[in-house]
Amino acid sequence: MTKQEILDAIHGKMIISCQAIPGEPLYLEDDSVMYLMARAAKRAGTPAIRTSSIRDVAAIKKETGLPVIGLVKINYPGYDSYITPTMKEVDDLVAVGSDVVALDCTLRKRGDGTTINEFIAQIRQKYPDIILMADISNYEEGINAWKCGVDIVGTTMSGYTDYTSKKDEPDYELMTRLAADIDIPVIGEGKIHYPDQAVKALQTGIWSIVVGGAITRPLEIAQRFMKAIDEGVK
Ligand SMILES: CC(=O)N[C@H](C=O)[C@@H](O)[C@H](O)[C@H](O)COP(=O)(O)O
């Protein structure tokens, strides 16, 4: 699919994130079940899947035929960012055919001493035509990524940097401001736990949303029930 076809397909819709990393109940060392989550997501009507790891990008593309937003979560010494932090992960995602490459575009420390602006420029030089999604945590980072020439800005990291507020709900204000001020698609992502929040997020004027754990992380879903019951029965 072309960039425009992918953007048109996700417009006004919910992308479902299917992810499990080591330590999570659905993570298997030698195999992956995320393609089954993606099967369910496709049946529900999602136009695209977001996933982490090379093996899951490959398996989910094969299973669903849907466009995939791929990322690789990896921790390197000296890097605060862990979503596609270096060119190695970009190379691997391009090689496996990830339709969109998502990367951390916060302004935090990068272990190789480059700024995020330099890293984006290096990616653009090597792969002029790939579709880049910038995962940012605040307005300044969203504007910066847009000016650096990414294709999509996502609010993914809001609440996950030590300078953003840790509320357990979507960052509607960030979505509203970015949607108003930049002329590329903004994806609202992070802490959309309930259908009414998904609707409210889309009403901020953003292009699309990503919902992950509320659909594809059974431990998170079960804990939400447990907490509500504990608090309600007190
Ligand atoms: C902060 C971070 O590492 N976020 C990751 C990014 O891909 C995923 O773990 C999230 O599940 C995804 O952003 C969707 O968010 P939520 O699961 O809240 O719907």
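This tour walks through a predicted model, stop by stop.

**Before you start**

Residue numbers start from 1 along each chain, in the order in which its sequence is written. Local features require pLDDT of at least 70, side-chain atom pairs count only at pLDDT 80 or more, and totals for chains, interfaces and linings use all residues.

**Stop 1: the whole chain**

Select the protein chain. It has ten helices and eight strands. Both kinds of element are DSSP runs numbered from the N terminus: helices are H or I with at least four residues, strands are E with at least two. The radius of gyration is 17 Å, close to the 17 Å from the globule rule for 234 residues, so the chain is as compact as a globular protein of that length. That radius is taken over C-alpha atoms, and the rule is 2.2 Å times the number of residues to the power 0.38. Along the principal axes, the C-alpha atoms fill a box of roughly 55 × 40 × 40 Å.

Colour by burial next. Buried residues make up 42% of the 234. A residue is buried if 20 or more other C-beta atoms lie within 10 Å of its own, exposed if 12 or fewer, and partly exposed in between, with C-beta atoms placed from the backbone. Now consider contacts, meaning C-beta atoms, placed from the backbone, within 7 Å of each other. Among those between residues at least 6 apart in sequence, 56% join residues at least 24 apart.

**Stop 2: the barrel**

Eight of them form a closed barrel, β1-β2-β3-β4-β5-β6-β7-β8, with parallel pairing. The twist averages 25° from one strand to the next. For that angle, axes are lines fitted to C-alpha atoms (for helices, over the stretch in contact), and angles run from 0 to 180 degrees between N-to-C directions. Pairing requires at least two DSSP bridges between two strands.

Select β1, residues 14–17. In a regular strand the side chains alternate between the two faces of the sheet. Met14 and Ile16 lie on one side of β1, Ile15 and Ser17 on the other, and all are buried. Three bridges join β1 to β8 in parallel. Look for Ile16 opposite Val211 in β8. Towards β2, the parallel pairing of β1 has two bridges. There, Ser17 has Arg50 as its bridge partner.

Move on to β2 (49–52) and β3 (68–71), which pair in parallel over four bridges. Gly70 has Val101 as its partner in β4.

Stay on β4, residues 100–104. Five of its five residues are buried, so the strand is largely enclosed by the rest of the structure. One face carries Val100, Ala102 and Asp104; the other carries Val101 and Leu103.

**Stop 3**

Select Lys191, in the loop between β7 (186–189) and α8 (195–202). Lys191 is buried, with 21 other C-beta atoms within 10 Å. Check its backbone: phi is positive, near 65°. Most residues other than glycine have a negative phi.

**Stop 4: two loop serines**

Ser53 also has a positive phi, about 90°. This serine sits in the loop between β2 and α3 (54–64). Buried or exposed? Ser53 counts as buried, with 23 C-beta neighbours inside 10 Å.

Next, find Ser81 in the loop between β3 and α4 (87–96). With 24 C-beta neighbours inside 10 Å, Ser81 counts as buried. Leaving out residues up to four places away in sequence, Ser81 touches Asp104, Thr106, Arg108 and Arg110.

**Stop 5: helix α6**

Finish at α6, residues 139–147, whose buried residues are Glu141, Gly142, Asn144, Ala145 and Trp146. They pack against β5 (131–135), β6 (152–154) and α7 (172–181). After the helix comes Gly149, with a positive phi near 95°.

Key:
Two residues are in contact if their C-beta atoms, placed from the backbone, lie within 7 Å.
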